[in-house]
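Subject: Structure for your review

Dear colleague,

Please find below the structure that I am handing over to you.

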Amino acid sequence: MEVLLDNLDSFAIGIRNTVALSLASFAGALAIGMIIATFRVSPVPPLRAAGATYVETIRNIPPLVLIFVFFFGFPTIGIIYSPFVSAIIVLAVYTAAFVGEAIRAGVNTVARGQAEAARALGLTFPQTLGLVVMPQALRSVVPPLGNLFIALVKNTSLASTISVFELTFVSKRLITDTAQGLLIFFGTAIAYLLLTLPAGWAVGRIEKKAAFQR
Amino acid sequence: MTAGVPLVVMEDVNKSFGDLQALKDINLSVDKGEVVVVIGPSGSGKSTLCRTINRLEPIDSGRILIDGEPLPLEGRALARVRADVGMVFQSFNLFAHKSILKNVTMGLIKVRGMSRAEAEDKAMELLKRVGIADKAHRHPAELSGGQQQRAAIARALAMNPKLMLFDEPTSALDPEMIKEVLDVMVELAAEGTTMIVVSHEMGFARSAAQRVAFMDGGRILEVSPPEQFFAAPQTERARDFLSKILAH
Ligand SMILES: Nc1ncnc2c1ncn2[C@@H]1O[C@H](COP(=O)(O)OP(=O)(O)OP(=O)(O)O)[C@@H](O)[C@H]1O
Ligand SMILES: [Mg+2]
């Protein structure tokens with residue numbers, strides 16, 4: 001136990017960086033995912049194709065490979081970012097493919113007549129989507145987005161492979177320093193649970209709230 | 001009725017869904033101030049006809065003119081035409097996440113660029129007119145079908161449309177609610193609103209329509225004044241159809 005308590009400050013830094021990675025890349029994933037979903041339901045065929053290509057490409061590559069491609073491969077074509085920023089970009093781009101699909105599925109749950117009534121009123125496509133379809137779609141999208149956030153928190157551990165000082169990286173360090181593998185990994189697992197369990201609980205709350213507003 | 005000025009002209013309009021031809025060589029002209037009721041058996045193309053007029057369904061060939069202008073293919077120009085053509089659906093299609101008042105003000109604010117205050121005044125006036133001002137702050141799911149349909153009519157009227165399209169506005173309603181919706185429509189007709197109404201309500205056709213168009217198999221088989229159509233339909237198919245709906 002002592003080894004955990006002695007290194008609490010290292011853990012704290014690791015947790016802080018894991019939280020920062022998660023929040024920043026989730027924000028990015030929501031923004032990109034919203035654009036992808038918009039492309040996928042757009043009336044313009046090339047945009048639909050672009051959206052589908054993005055989703056099919058990104059979600060069928062292991063995220064670890066994406067990180068390596070971005071961090072080790074892209075510098076050769078002049079794209080260089082710090083490990084931390086690289087991890088945020090890759091995790092955002094990766095998670096966005098799933099976010100886009102979740103939002104698209106939500107859009108499909110909204111009755112067709114809603115969009116037809118909006119168009120019949122003279123609203124443009126972006127207005128129809130933004131004022132009528134998305135607000136109704138987002139309600140059914142909260143639970144899958146919650147799951148994606150939890151998956152993302154877990155995926156941030158991949159950033160340890162490019163030396164981002166997050167939770168998994170910290171624990172690997174401590175293990176080499178202290179040779180107390182079991183205890184340290186146990187502590188790390190608890191720390192991840194402390195991050196993901198409240199996220200699951202928060203999603204339940206938001207879902208209930210959204211249901212009442214209907 | 002300012003006779004003889006066509007507001008809607010459909011010329012040789014054809015429309016298919018895959019192998020199925022839903023509209024065949026449709027020619028129809030509707031004058032300003034005129035009310036045309038479209039009737040015909042299920043699947044004959046009545047809804048499709050209605051929906052091509054504001055291009056919710058694009059057509060394969062032919063032309064549709066509104067106020068002398070061909071329907072724009074897409075984009076903002078099409079949205080502008082749609083703003084001038086009110087549509088009332090069988091299933092109401094009120095925006096489920098918005099109050100009745102916001103349903104009516106949305107087009108005024110977002111399409112017409114009206115201020116919120118001005119839009120709300122106008123919306124309340126219309127809700128009063130269709131008799132549901134007290135429901136302004138309710139959500140659609142809290143209203144009866146008849147009330148929802150009257151709200152949908154108010155939403156369409158708010159845009160000051162040149163033309164109103166009704167696709168079976170009363171067929172999803174319980175009998176006691178049909179009248180409250182038809183009363184609003186009869187009033188609109190009396191005020192000279194140009195209307196194309198898909199409906200099997202013969203009482204409405206007789207009292208409000210100048211002409212009845214009978215459709216079958218994607219074609220308009222007959223267009224005549226309601227007295228004539230109901231008393232002596234010219235085609236065998238129309239006679240057949242009328243005897244069926246009258247029998248019931
Ligand atoms: N989106 C669509 N995709 C494929 N087929 C369609 C579509 N919409 C309509 N159809 C077909 O086109 C034909 C005409 O349909 P339409 O809805 O216009 O008929 P209708 O006269 O309004 O019938 P109803 O009285 O049942 O409403 C039908 O055979 C219908 O199945
Ligand atoms: Mg129909």
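Read from the N terminus, the elements of chain A follow the order α-α-α-α-α-α-α-α-α. Chain A accordingly has nine helices and zero strands. Please bear in mind that this is a predicted model.

The C-alpha atoms of chain A occupy a box of roughly 70 × 45 × 20 Å along the principal axes. Of the 214 residues in chain A, 43% are buried. Where contacts in chain A join residues at least 6 apart in sequence, 74% of them are between residues at least 24 apart.

One residue of chain A deserves a separate note. A:Ser42 sits in the loop between α2 (8-41) and α3 (45-59) of chain A. With a relative accessibility of 3%, A:Ser42 counts as buried, because the cut-off is under 20%. A polar atom of the A:Ser42 side chain lies 2.8 Å from the backbone nitrogen of A:Val44. Beyond its neighbours within four places in sequence, A:Ser42 contacts A:Leu47, A:Arg48 and A:Phe125.

I turn next to the interface. Here 19 residues of chain A are in contact with 23 residues of chain B. The two chains bury about 1800 Å² between them, and 62% of this is on carbon and sulfur atoms. On the side of chain B, the residues that lose the most area to chain A are B:Arg82, B:Phe95 and B:His97, which together account for 29% of what that side buries.

Seven residue pairs are in polar contact between chain B and chain A, counting pairs with both residues at pLDDT 80 or more. The elements of chain B that give two or more residues to the side touching chain A are α2 (75-83), β6 (85-88) and α3 (100-111). That side of chain B comprises twelve nonpolar, five polar and six charged residues.

One salt bridge is found across the interface of chain B and chain A. It joins A:Glu116 and B:Arg51, with the closest N and O atoms 2.7 Å apart. Both residues belong to a network of salt bridges that links A:Arg112, A:Glu116, B:Lys15, B:Arg51 and B:Glu57.

Over all chains, the whole structure has 23 salt bridges. Among them is the pair B:Glu11 and B:Arg63, at 3.2 Å from N to O. This pair links distant parts of the chain, as B:Glu11 is in strand β1 (residues 6-17) and B:Arg63 in strand β4 (residues 61-66) of chain B, 52 residues apart. B:Glu11 is partly exposed at 28% relative accessible area, and B:Arg63 is partly exposed at 42%.

A further salt bridge joins B:Asp84 and B:Arg112 at 3.0 Å, N to O. B:Asp84 lies in the loop between α2 and β6 of chain B and B:Arg112 in the loop between α3 and α4 (116-129), so the pair ties together parts 28 residues apart in sequence.

Finally, the nonpolar cores. The largest has 51 residues, of which B:Ile39, B:Ile153, B:Phe166, B:Met185, B:Met195 and B:Phe204 touch the most other members. Helix α6 (residues 175-190) of chain B gives the most to this core, namely eight residues. Not counting residues up to four places away in sequence, the residues that B:Phe166 touches include B:Cys50, B:Val88, B:Ile153 and B:Met185. A second, separate core has 36 residues, including B:Ile26, B:Leu28, B:Val85 and B:Met215.

With kind regards

Technical notes
Residues numbered from 1 in each chain as written. Chains lettered and ligands numbered in written order. Heavy atoms only, no water. Contact = heavy atoms within 4.5 Å. Buried area = accessible area lost by both parts, 1.4 Å probe. Salt bridge = Lys/Arg side-chain N within 4 Å of Asp/Glu carboxyl O. Polar contact = N/O pair within 3.5 Å; in protein donor to acceptor, adjacent residues only side chain to side chain. Helix = DSSP H or I, 4+ residues; strand = E, 2+ residues; numbered from the N terminus. Nonpolar A, V, L, I, M, F, W, Y, C, P; charged D, E, K, R; others polar. Core = buried A, V, L, I, M, F, W, Y, C linked by side-chain atoms within 4.5 Å. Buried < 20%, exposed > 50% of the residue type's maximum accessible area, 1.4 Å probe, protein only.
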